[in-house]
Amino acid sequence: MTNNTRNLDFRAILNMKLHAFEAPIGNKSVLWNSYKGILLALTLILLTIIPLSTNKNLPSSLPNLWKNLTSSSTVELDKKCDVFRGNWVPKFEPPYYTNDTCDMMFEYQNCLKYGRPDREFLKWRWKPDDCQLPLFDPAQFLEIVKGKSLAFVGDSVARNQMQSLLCLLSNVSHPVDMSQKFNLGYDFKRWFFTDYNFTVARFWSPYLVKSRDADLNGFSSNSLMNLYLDEADQAWASDIESFDYVIFSSGQWFFRPQIYYENGQMIGCYNCQQNNVTQLWNYYGYGKVFQTAFRTIMGLKDYKGVTFLRTFSPSHFENGDWNKGGNCARTRPFTKEEMNWESFVFDLHKAQVEEFRAAEKEGMKRGLQFRLLDTTEAMLMRPDGHPNHYAPPRNVSVADCVHWCLPGPIDTWNEFLLDILKTGREDTD
């Protein structure tokens, strides 16, 4: 099986960079005259129990590095329960919405309308290992964001999440499309929930940074691109300062051939097939663009919002790559034991989360909040959640195993989002 949407025969030589991590135990002097012996005994017992309990929920295929990297030291939610580690369990509630009740979903993710025969993919919900993830409550979400604004910055999977959110919220309030008022094209949308004075916007920026076509044959599905890794894409950077919540994400575009520039100079390339150019892995460029995005938004004088990273969303092509007959015809989730932790997924996720952690630390100094939507593990288990061929006719030989059906497992991303928004409020227990 290949999870890649691009032809990466060479990726098999990647090795997982696994390192053992040992949690340090702080030493504290305790002046306690009467109970030294009892405290010593209890301490020895605890030191025996803690190492056994801290890793009990890690799947065998998941390295300790992954959990160490993604667990937060600054968000109270993570101290109580890591909602991003868990399993998919049977769901008995009906879908939040259907293609009949929501008119804002993109046609190419409207799987039921275009003939998907099975409904099994709608009968699962995410269950964290150590707690419950509440069902999405649209009224509660809208009360939290009342009078505020939310921007999705990224590629078409960012649009996918935005449309999931619009459909979820439409059960309580139907938004008005304000895009024409702002003279916005298809790739830049703006929706307004009048009753709640709440704005949702989409900024199309698949690389997050400045990019240019570099292929002499013109733009195509696999053409060469120039990426200026230290220059933010002004398509979002020039208009993001006033938003209260910003969700950055990107993914599959980084499997295209790319030439990387920093400080105006070419520094190397990924899969560019050019001699005398330093060859770099795509996770180098992937990490750099998130570094630039986070630094740019922190550098905006009047930005006071909460910045989110939504992590890498995997594809699930089987029986071939995306352009070689690959498809995604499964009808059930993977278990943790069935997951295929391919190294490129780990490397990309690691690169972006490391930049997130650096920005989170710097943001604390500036009074800015950063939050992690770590959706990667959950979505690795959902090969059944993609449109496959159940979409409007176009190239019948190409299946869509990148985006997610609406409704479908992508609705869980917004359950995560609501849970974080609730936890981040001061008036929440």
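Predicted model: local features only at pLDDT ≥ 70, side-chain atom pairs only at ≥ 80, totals over all residues.
**Ground rules.** I number residues from 1 along each chain as its sequence is written. Local features need pLDDT of at least 70, side-chain atom pairs count only at pLDDT 80 or more, and totals for chains, interfaces and linings use all residues, while side-chain values use heavy atoms, without hydrogens and water.

**Helix pair.** I looked up H7 (residues 282-298) and H8 (residues 343-366), which pack at about 20° with axes 8 Å apart. Helices here are DSSP runs of H or I with at least four residues, strands are E runs of at least two, and both are numbered from the N terminus. Axes are lines fitted to C-alpha atoms, for helices over the stretch in contact, with angles from 0 to 180 degrees between N-to-C directions. H7 and H8 are therefore roughly parallel (an angle under 35 degrees).

**Disulfides.** I searched the whole structure and found five disulfides, each a pair of cysteine sulfur atoms within 2.5 Å. I then looked at Cys111 and Cys405, joined with S to S at 2.0 Å. Their S-S torsion is about -95°, so this disulfide is left-handed. The pair links distant parts of the chain, 294 residues apart: Cys111 lies in the loop between E1 and E2, and Cys405 in the loop between H9 (376-380) and H10 (411-424). Are Cys111 and Cys405 buried or exposed? Both are buried (under 20% relative accessible area, with a 1.4 Å probe and protein chains only).

My last stop was Cys269 and Cys272, whose sulfur atoms are 1.9 Å apart. Both of these cysteines, Cys269 and Cys272, are buried too.

Conventions: Parallel < 35°, antiparallel > 145°, perpendicular 65-115°, else oblique. Buried < 20%, exposed > 50% of the residue type's maximum accessible area, 1.4 Å probe, protein only.
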